[in-house]
Amino acid sequence: QVQLVESGGGLVQPGGSLRVSCAASGFIFTNYAMSWYRQAPGKEREVVGWISTYGLSSYAGSVKGRFTISRDNAKSTVYLQMNSLKPEDTAVYYCKVVLNEYDYWGQGTQVTVSS
């Protein structure tokens with residue numbers, strides 16, 4: 001079965017850094033692009049960025065230059081490195097993969113940016 005498990009969230013001060021992970025299983029990881037989304041309280045879920053099967057990545061304007069997505073195909077894991085964090089980055093972060101036009105989501109990991 002397709003499974004995505006996020007981890008690595010926590011509390012960090014503004015300007016700090018954090019790396020969250022998404023461990024994937026149940027599908028051929030190397031054949032699929034992966035995405036990161038986030039959802040803040042009272043707001044709709046929004047895309048953070050994505051990474052292709054070739055390792056090319058793209059980002060939302062709000063995080064571009066601060067966040068980096070990478071993947072380790074040997075470990076079937078995608079990462080989101082977050083630098084220069086701001087309070088507005090506070091959200092639950094989710095990873096997603098699309099298989100046969102169906103969106104599969106992880107359970108999410110909470111990231112809180114506060115002083």
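Start at tyrosine 94. With a relative accessible area of 12%, this residue is buried, because buried means under 20% relative accessible area. Keep in mind throughout that this is a predicted model.

**Stop 1: around tyrosine 94**

Arginine 45 lies over the face of tyrosine 94, at 3.7 Å from the ring centre.

The label follows from the cut-off: planes over 60 degrees apart count as edge-to-face.

Tyrosine 94 belongs to strand E9 (residues 91-99) and tryptophan 105 to strand E10 (residues 102-105), so the pair ties together parts that are 11 residues apart in sequence. Is tryptophan 105 buried, exposed or partly exposed? Its relative accessibility is 34%, so tryptophan 105 counts as partly exposed. Tyrosine 94, by contrast, is buried.

**Stop 2: the phenylalanines**

How many aromatic pairs does the structure hold? There are five aromatic pairs. For another of them, select phenylalanine 27 and phenylalanine 29. Their ring centres lie 6.4 Å apart with the planes at 45°, so the pair is tilted.

Check the accessibility of each. Phenylalanine 27 has 15% relative accessibility and therefore counts as buried. Phenylalanine 29 has 4%, so it counts as buried too.

Phe27, Phe29 and Tyr32 form one aromatic cluster.

Then show arginine 71. It lies over the face of phenylalanine 29, and the distance from the ring centre is 4.4 Å.

**Stop 3: the disulfide**

Select cysteine 22 and cysteine 95. A disulfide joins these two residues, with S to S at 1.9 Å. A search of the whole structure finds one disulfide.

Look along the S-S bond of cysteine 22 and cysteine 95. The torsion about this bond is about 55°, so the disulfide is right-handed. The pair links distant parts of the chain: cysteine 22 sits in strand E3 and cysteine 95 in strand E9, 73 residues apart.

Are these cysteines buried or exposed? Cysteine 22 has 0% relative accessibility, so it counts as buried. Cysteine 95 also has 0%, so it counts as buried as well.

**Stop 4: serine 21**

Move to serine 21, which lies in strand E3 (residues 18-25). At 16% relative accessibility, serine 21 counts as buried, because the cut-off for buried is under 20%.

Display its surroundings. Which residues does serine 21 touch, not counting residues up to four places away in sequence? Its contacts, with that exclusion, are Val5, Glu6, Ser7, Trp36, Thr77, Val78 and Tyr79.

**Stop 5: the sheet**

Switch to a cartoon view and find strand E3 again. Strand E3 is part of an open sheet of four strands, in the order E1-E3-E8-E7, with antiparallel pairing. Which strands are at the edges? They are strand E1 (3-7) and strand E7 (67-72), and each pairs on one side only. On average, neighbouring strands of this sheet are turned by 15° against each other, direction ignored.

A word of background before the last selection. Strands of a sheet pair through backbone hydrogen bonds, either parallel or antiparallel.

Zoom in on E1 and E3. These two run antiparallel, and five bridges join them. Finish by selecting leucine 4 and alanine 24. Alanine 24, in E3, is the bridge partner of leucine 4.

Technical notes:
Residues numbered from 1 in each chain as written. Predicted model: local features only at pLDDT ≥ 70, side-chain atom pairs only at ≥ 80, totals over all residues. Heavy atoms only, no water. Phe/Tyr/Trp six-rings, centres within 6.5 Å; stacked < 30°, edge-to-face > 60°. Buried < 20%, exposed > 50% of the residue type's maximum accessible area, 1.4 Å probe, protein only. Lys NZ or Arg CZ within 6 Å of the ring centre and 35° of its normal. Contact = heavy atoms within 4.5 Å. Disulfide = S-S within 2.5 Å. Pairing = 2+ DSSP bridges. Axes fitted to C-alpha atoms, helices over the stretch in contact; angles between N-to-C directions.
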